[in-house]
Amino acid sequence: MLEIQTLVHTMRILLIEDNRRLAQSLTRGLRGEGFDLDAFGNAEEGVNAFSALHYDAVVLDLGLPDRDGLDVLGDLRKARNEVPVLILTARDSVESRVMGLDAGADDYLVKPFAMTELAARMRALLRRPGQPLATLLKVGNTELNSAGRQVTIDNKSTHFSLREIKALEILMRREGQVVPKTTLEDNLNGLNKTATQNSIEVLIFRLRRRLGLYGSNCSIHTLHGIGYLIKEN
Ligand code: CA
């Protein structure tokens, strides 16, 4: 059975917060709690990221340089987007809290707050009913549970790093088809363009080694200059 803790811990969060120092500490803190996170300092960049990538929850500051966070939230809800949103606000008045909840926020925290508090609230939000069910991917004797981020080979549990599991998931979703290197980069690095093509090669190298170690009967093939493909041997 899928453990909820595992499910919650690999969720991807979009943070929109213009206070650089706070954004950095939230990024460190939430990553330390096992969340995957992309951070942006203004509404425009945040909204662009949101429309381009999948996020499981949004942490939204209300006082942003280009737009009011409440407007951003209002737009999301008008578009019938039900992503859980937690607002961060320095506006410690009853009205602003009520306005936030009226605008469709799921929760809010008033600054300053403890990191542990935010992490606990995020877990609670992500535990709400209506979470998409796990997808079980299977190639040969290798199974990957996309929500639990678990890999089983020959019905035995394994230990893969989160990045390795993500790369494997992307490949397994397109079994027998070429996955361009750039697709792997985009998905693995979010919008933080830190990793190079070289690091994808290193990742695939490790992934292959680990699949071999656990006795997987599928292989990752390299198509030079194009990408990778996974299939059963
Ligand atoms: Ca702010």
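Colleague: Which residues coordinate the calcium ion in this model?

Modeller: In this predicted model, the calcium ion is coordinated by Asp18 (OD), Asp61 (OD) and Gly63 (O), at 2.2 to 2.3 Å. For calcium, a donor has to lie within 3.2 Å of the metal, so these atoms count as donors. Along the chain, the donors follow the spacing D-x42-D-x1-G.

Colleague: How many aromatic pairs does the structure hold?

Modeller: The structure holds one aromatic pair.

Colleague: What makes the pair of Phe160 and Tyr214 stacked?

Modeller: Let's take it in two steps. The ring centres of Phe160 and Tyr214 are 5.8 Å apart, and the limit is 6.5 Å, so the rings pair. Their planes stand at 25 degrees, under the 30 degrees cut-off, so the pair is stacked.

Colleague: Which parts does the pair tie together?

Modeller: Phe160 lies in the loop between strand E9 (156–157) and helix H7 (162–173), and Tyr214 in the loop between helix H9 (197–213) and strand E11 (218–223), so the pair ties together parts 54 residues apart in sequence.

Colleague: How do you know that strand E7 and strand E8 pair?

Modeller: Pairing needs at least two bridges, and E7 (residues 142–145) and E8 (residues 150–153) have four, so they pair, in the antiparallel sense. Glu143 stands opposite Thr152 in E8.

Definitions and conventions. Residues numbered from 1 in each chain as written. Predicted model: local features only at pLDDT ≥ 70, side-chain atom pairs only at ≥ 80, totals over all residues. Heavy atoms only, no water. Phe/Tyr/Trp six-rings, centres within 6.5 Å; stacked < 30°, edge-to-face > 60°. Donors = N, O, S within 2.8 Å, 3.2 Å for Na, K, Ca; no water.
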